Protein chains: 2
Amino acid sequence: MTKKPVTIKEIAKEAGVSIATVSMIFNNKDKSISQATREKVLEIAKEKDYIPNSMARSLVTRQSRTLGLVLPDIVNPFFPEIARGAEDKARQARYSIIICNTDDNLEQEDKYIDILTEKMVDGIIFAHSADRKDIARESRKYRMPIVLIDRDYAMPNVMGKVLIDNQKASCKGVNYLLEKGYKKIAYIAGSMNTQTAKDRLDGYKNALAQNKITYDNHYVKIGEYKSQWGMEATRQLLEENIPFDAIFCGNDLIAIGAMKALKEASLRVPEDVGIMGFDDIYVASMVEPELTTIKQPIYEMGYRAAEILIDGIENKEQPRNKSSEGRKIILDTELIVRKSS
Amino acid sequence: MTKKPVTIKEIAKEAGVSIATVSMIFNNKDKSISQATREKVLEIAKEKDYIPNSMARSLVTRQSRTLGLVLPDIVNPFFPEIARGAEDKARQARYSIIICNTDDNLEQEDKYIDILTEKMVDGIIFAHSADRKDIARESRKYRMPIVLIDRDYAMPNVMGKVLIDNQKASCKGVNYLLEKGYKKIAYIAGSMNTQTAKDRLDGYKNALAQNKITYDNHYVKIGEYKSQWGMEATRQLLEENIPFDAIFCGNDLIAIGAMKALKEASLRVPEDVGIMGFDDIYVASMVEPELTTIKQPIYEMGYRAAEILIDGIENKEQPRNKSSEGRKIILDTELIVRKSS
DNA sequence: ATGAAAGCGCTAACAA
DNA sequence: TTGTTAGCGCTTTCAT
């Protein structure tokens with residue numbers, strides 16, 4: 001477009017020095033370059049609006065200062081935060097990020113791996129959706145280090161993992177309700193076909209066990225992650241006369257639905273019924289600012305993943321070839337206690 | 001990482017041909033190459049797991065097949081859809097996308113422009129936040145074509161624009177309510193400091209005018225884009241005994257809040273009160289599946305922007321230097337009429 | 001303190 | 001139909 005970009009060569013000529021000198025100055029390898037030359041070069045570069053060509057640089061350094069971010073779908077509200085976290089860390093370290101939406105399609109994923117390889121990204125952050133199949137792909141393709149996010153996954157070249165302890169999180173949430181004095185806690189879950197969901201249910205059971213409360217599956221409703229289901233399940237609990245005094249919800253949509261149903265039944269939150277949700281998609285905070293929720297450190301996952309990756313890249317760490325290895329970080333969730341609680 | 005990638009040279013040697021031949025084959029400029037050689041080369045390439053180095057390629061072709069997507073914040077729910085649309089189109093055309101969150105910070109934006117220039121992106125999709133200042137930045141920096149999204153903006157090198165007609169949209173929404181038989185339509189707006197918000201209010205006024213209804217500012221409440229405000233404003237309308245029979249809401253959060261307040265007052269939707277919201281952040285569909293909303297073609301904006309950009313790049317179109325030029329697309333909104341209406 | 005020169009892996013004339 | 005060669009813009013020894 002427009003005018004041809006100026007190159008290092010022109011700067012060199014203009015300044016009456018060699019291109020090597022200019023290059024060194026721009027790479028801060030200028031310990032041995034006289035202040036005078038440096039200043040002159042810098043000035044000319046600025047005046048000519050010189051911007052180095054990172055392609056040429058990458059070609060020789062074999063580093064693109066670019067990371068791939070592979071995720072199922074940026075529109076799924078779980079992922080923008082990850083992307084943002086990763087991008088923030090990347091920016092600090094002067095890396096860029098290429099996003100790749102795979103729609104959980106293995107073929108597309110493979111294609112992206114190839115593209116990212118072509119583009120010589122220095123590493124990949126892999127954010128699989130929770131319900132992705134567990135098979136690792138053919139290994140030789142992965143030429144660059146990978147950091148896994150949110151989900152453990154058998155895969156070669158893994159340099160690290162950043163996960164959330166969902167079990168602990170829901171255990172913590174239920175314990176919070178118990179501490180608040182609620183005794184009979186129902187659980188409205190979303191679908192049960194993800195490990196995440198299973199972990200959350202386990203956490204609920206653990207919390208009950210810890211408090212010597214017998215698990216009773218009449219208190220547990222399994223459906224889908226929709227506010228509609230939250231309403232419905234709550235109505236069911238009410239109709240079935242389950243004597244619950246609190247509801248723990250699989251996510252925030254469910255919690256919102258549950259709150260509606262409670263209001264319909266003229267039950268007050270939190271006076272009559274305690275309620276808590278997993279803030280999966282950040283809807284709760286927008287719609288029910290008073291709902292206490294379990295906030296997942298999603299942003300942090302992205303951030304930490306980029307951190308591990310960049311760290312590994314810059315220290316030339318070798319990624320492990322067994323999925324069980326590499327750096328592993330388990331992040332904790334946080335309880336967001338809102339006004340009404 | 002791991003083993004050194006194989007190059008075109010090795011493939012050539014192995015196949016006993018020149019690198020030019022291999023290159024041509026991989027670039028589909030192989031009209032003149034014998035089937036035998038082609039097959040042999042392809043086979044060897046596959047066997048050796050050859051992946052071309054796009055850096056080297058870009059260096060000579062001066063095309064990176066990469067686009068920059070500059071937006072305020074991917075976490076703002078407006079933008080993931082744009083990103084997705086852009087990415088979908090880009091992928092089809094074999095382009096990748098680098099995301100850049102600017103946080104509405106001009107300095108960061110400039111930095112990103114430089115980075116994108118370094119990385120030789122072929123073009124940039126610019127999605128400014130609605131309340132961004134209107135000054136264009138210093139022009140010479142922009143070396144590559146730009147497509148603007150959602151907001152008209154004075155800027156050099158603009159190849160096109162993709163906008164939404166907010167005025168028309170809200171006019172349409174209000175008209176829909178009028179057609180449904182509602183006569184006295186209140187308007188709960190968010191903040192008024194964006195052009196978008198002003199356009200929506202204008203659309204409301206237009207619709208009234210078209211239907212010979214006198215505009216009465218008692219029917220209009222201006223606040224912020226939060227469900228809390230939706231509740232509050234609705235309560236105000238009720239307390240002030242404004243005889244409204246429908247509410248048009250500045251966005252979906254406001255609409256959700258309004259619905260809550262109506263329920264509190266035992267008013268049924270849509271029997272007693274019609275209600276409509278702008279589906280700005282796609283919360284309505286998750287939380288109030290029955291609310292009728294105005295859906296903005298956000299995904300499409302991203303898609304079309306990428307389309308214009310790629311088209312321009314591939315046809316070597318010159319971007320215009322006055323902001324008033326370039327291709328301009330005004331997208332229409334869609335009414336999502338849900339069950340209860 | 002600086003320059004010359006050899007590539008990085010590839011494409012694109014131009015030759016053969 | 002295929003090979004030779006000259007770069008693309010930069011980094012990086014190795015000289016000077």
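Which residues does A:Ser64 touch, not counting residues up to four places away in sequence? In this predicted model, A:Ser64 touches A:Ser58, A:Lys119, A:Met120, A:Val121, A:Asp122, B:Met55 and B:Lys119, again leaving out residues up to four places away in sequence.

**DNA strand C**

- DNA strand C is surrounded by 26 residues, of which the closest are A:Ser18, A:Arg62, B:Ile8, B:Ser23 and B:Tyr50.
- Sugar or phosphate accounts for 75% of the atoms of DNA strand C that lie within 4 Å of the protein, while the rest of these atoms belong to bases.
- From chain A, the side chain of A:Thr37 places an N or O atom 2.8 Å from a phosphate oxygen of DNA strand C.
- Sorted by class, the residues of the surface near DNA strand C are 12 nonpolar, 11 polar and three charged.

**DNA strand D**

- Around DNA strand D there are 26 residues, and the closest of them are A:Ile8, A:Ser23, A:Tyr50, B:Ser18 and B:Arg62.
- Of the atoms of DNA strand D that come within 4 Å of the protein, 72% are part of sugar or phosphate, and the rest belong to bases.
- A base is approached from chain A, where a polar backbone atom of A:Ala56 is 3.2 Å from a base nitrogen of DNA strand D.
- Phosphate oxygens of DNA strand D are approached from chain B, with a backbone N or O atom of B:Ser34 at 2.8 Å from one phosphate oxygen and a polar side-chain atom of B:Thr37 at 2.8 Å from a phosphate oxygen.
- H2 and H4 of chain A together with H2 and H4 of chain B are the elements that give two or more residues to the surface near DNA strand D, and here the largest share, four residues, comes from H4(A).
- The surface near DNA strand D is made up of 12 nonpolar, 11 polar and three charged residues.

**Salt bridges**

- Over all chains, the structure holds 37 salt bridges.
- A:Asp73 and B:Arg84 form a salt bridge in which the closest N and O atoms are 2.8 Å apart; A:Asp73 lies in the loop between strand E1 (66–71) and helix H5 (79–92) of chain A, whereas B:Arg84 lies in helix H5 of chain B, so the pair joins two chains.
- B:Arg84 also meets A:Asp103 in a salt bridge, at 2.6 Å from N to O, and this pair too joins two chains, because A:Asp103 lies in the loop between strand E2 (96–101) and helix H6 (106–118) of chain A and B:Arg84 in helix H5 of chain B.
- B:Arg84 is buried, with a relative accessible area of 7%, whereas A:Asp103 is partly exposed, with a relative accessible area of 39%.
- A network of salt bridges links A:Asp73, A:Asp103, B:Arg84, B:Glu87, B:Asp88 and B:Arg91.
- Within chain B, the side chains of B:Asp272 and B:Arg268 meet in a salt bridge at 3.0 Å from N to O, and B:Asp272 counts as partly exposed at 30% relative accessibility.

**The nonpolar core**

- The largest nonpolar core has 64 residues, and those with the most contacts inside it are A:Ile82, A:Met301, B:Ile82 and B:Met301.
- Apart from its neighbours within four places in sequence, A:Met301 is in contact with A:Phe78, A:Ile82, A:Ile149, A:Asp150, A:Val162, A:Leu163, A:Ile164 and A:Leu331.
- In soluble globular proteins, nonpolar side chains tend to be buried together.

Terms used:
Residues are numbered from 1 along each chain as its sequence is written. Chains are lettered from A and ligands numbered from 1 in the order in which they are written. This is a predicted model: local features need pLDDT of at least 70, side-chain atom pairs count only at pLDDT 80 or more; totals for chains, interfaces and linings use all residues. Side-chain values use heavy atoms; hydrogens and water are left out. A residue is near a molecule or strand if one of its heavy atoms lies within 4 Å of it. A polar contact is a pair of N or O atoms within 3.5 Å; within protein, one must be able to donate a hydrogen and the other to accept it, and residues adjacent in sequence count only if both atoms are side-chain atoms. Ala, Val, Leu, Ile, Met, Phe, Trp, Tyr, Cys and Pro count as nonpolar, Asp, Glu, Lys and Arg as charged, and the others, Gly among them, as polar. A salt bridge is a side-chain nitrogen of Lys or Arg within 4 Å of a carboxyl oxygen of Asp or Glu. Buried means under 20% relative accessible area, exposed over 50%, partly exposed in between (1.4 Å probe, protein chains only). A nonpolar core is a set of buried Ala, Val, Leu, Ile, Met, Phe, Trp, Tyr and Cys residues joined through side-chain atoms within 4.5 Å. Contact means heavy atoms within 4.5 Å.
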